[in-house]
Amino acid sequence: MVSKNQIKLVKSLHQKKYRNLHNLFVAEGIKVVRELVNSDFKVNTIFSSDAEINLGTTDIIEHVSEAELKKMSALTAPNKIIGVFEIPETRKPNFDGWVVVLDDIRDPGNLGTIIRLCDWFGIEHLVCSSNTVDCYNPKTLQATMGSISRVNIGYTDLQTFLKNAPVTVFGAFMEGDVVYGATVPKTGILVMGNEANGISEEVEALVTQKISIPQFGKSTAESLNVATATAILLNEIRRS
């Protein structure tokens, strides 16, 4: 039987302040949990209402009822498995390859998708401003589809980070140079800005080169979703 204190702890981890307090986060769903179990993340506890569920190792699973799992879940319809993991220490990013920087991304789904894109395009390091949404937000984790286990994510003061960066800093802007004709080096930084306001003035001042995605449709479309724009720009970076 899972204890009331265990249920209370897991429920509390849906909030950032308690994740920071306990240095733990919650992941839901078989794909995400399996990816994390098979990665370098340290397992705290795995709860499952499915006796047949297989993670490759059975001794770490604590079986619970569907009612108990629902009490711990952040989802309306729980996915039969919840994993509690330790938040790892962030590794200092290196500049051997491209680094993606996020300036005040607020939507958990956008962040999760960008993490997944970093994994797809082989971007090892993702650096976020301190006011970017937490990467261990349950909605973010769902959107990563397990890619969070393969991308090093850190939060820092972007002005300090960019001032000390030894590579070209590219920033996504509506009025930048069209990316299709830009000269893109083998290493660099790509900065993506807030969903509503773009890159802040403070960060813009540290951008070496502004790049943009050309618009072919009618001007009534104000801008692209930040995750969609990140996908297009990373694709062009990898084509160069």
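This is a predicted model: local features need pLDDT of at least 70, side-chain atom pairs count only at pLDDT 80 or more; totals for chains, interfaces and linings use all residues.
User: Let's start with strands β8 and β9. How do they pair, and over how many bridges?
Analyst: Strand β8 covers residues 169-178, and it pairs with β9 in the parallel sense over three bridges.

User: Noted. Which residue in β9 is the bridge partner of F170?
Analyst: L190 is the bridge partner of F170.

User: And β5, how many bridges join that strand to β9?
Analyst: Four bridges join them. Strand β5 spans residues 99-102, and the two strands run parallel. L102 has M192 in β9 as its bridge partner.

User: What about the faces of β9, covered or open?
Analyst: Both faces are covered. I189 and V191 are buried on one side. L190 and M192 are buried on the other.

User: Which sense does β5 take when it pairs with β6, parallel or antiparallel?
Analyst: Parallel, over four bridges. V100 has L126 in β6 as its bridge partner.

User: How many residues of β6 are buried?
Analyst: Five of its five residues, which are 125-129. H125, V127 and S129 sit on one side, with L126 and C128 on the other.

User: What caps the N-terminal end of α9?
Analyst: N225 does. A side-chain oxygen of N225 lies 2.8 Å from the backbone nitrogen of A227.

User: Which residues of α9 are buried?
Analyst: They are V226, A227, A229, T230, L233, L234, E236 and I237.

User: And what covers them?
Analyst: The cover includes the strands β5, β8, β9 and β10. Helix α5, residues 108-120, is also among the covering elements.

User: Pick T230. Why does it count as buried?
Analyst: T230 counts as buried because its relative accessibility is 0%, and the cut-off for buried is under 20%.

User: Which residues does T230 touch, leaving out those up to four places away in sequence?
Analyst: I114, L117 and M192. M192 is also the β9 residue that bridges to L102.

User: Now S212. Where does S212 lie, and is it buried or exposed?
Analyst: S212 lies in strand β10, residues 209-212. S212 is buried, with a relative accessible area of 6%.

User: What does the side chain of S212 reach?
Analyst: It reaches the backbone oxygen of G176 at 2.8 Å.

User: How many residues apart are S212 and G176 along the chain?
Analyst: They are 36 residues apart, yet their C-alpha atoms are separated by 4.7 Å.

User: What else does S212 touch?
Analyst: Besides G176, S212 touches F173, M174, D177, V178 and V179, not counting residues up to four places away in sequence.

User: How many residues line the largest pocket, and which lie nearest its centre?
Analyst: It is lined by 26 residues. F173, M174, S223, L224 and A229 lie nearest the centre.

User: And the largest cavity, what is its volume?
Analyst: About 30 Å³. W98, F170, V179, A182, V184, I211 and I237 line it.

User: What is the phi of K80, then?
Analyst: K80 has a positive phi of about 70°, although it is not a glycine. K80 lies in the loop between α4 and β4. K80 is partly exposed, at 38% relative accessible area.

User: And what is the phi of M145?
Analyst: M145 has a positive phi of about 55°, and it is not a glycine. M145 is in the loop between α6 and β7. At 30% relative accessibility, M145 counts as partly exposed.

User: Last one: which residues of helix α1 are buried, and what covers them?
Analyst: The buried residues are I7, V10 and S12. Their cover includes α2, β1, β2, α4 and β4.

Terms used: Residues are numbered from 1 along each chain as its sequence is written. Side-chain values use heavy atoms; hydrogens and water are left out. Buried means under 20% relative accessible area, exposed over 50%, partly exposed in between (1.4 Å probe, protein chains only). Contact means heavy atoms within 4.5 Å. A polar contact is a pair of N or O atoms within 3.5 Å; within protein, one must be able to donate a hydrogen and the other to accept it, and residues adjacent in sequence count only if both atoms are side-chain atoms. Two strands pair if DSSP finds at least two bridges between them. On a 1 Å grid over the protein atoms alone, a cavity is a set of points where a 1.4 Å probe fits but cannot get out, and a pocket is an open set with protein on both sides within 12 Å along at least five of seven lines; lining residues have an atom within 4 Å of a point. Grid points are joined across faces, edges and corners, and a volume is the space filled by probe spheres set on the points.
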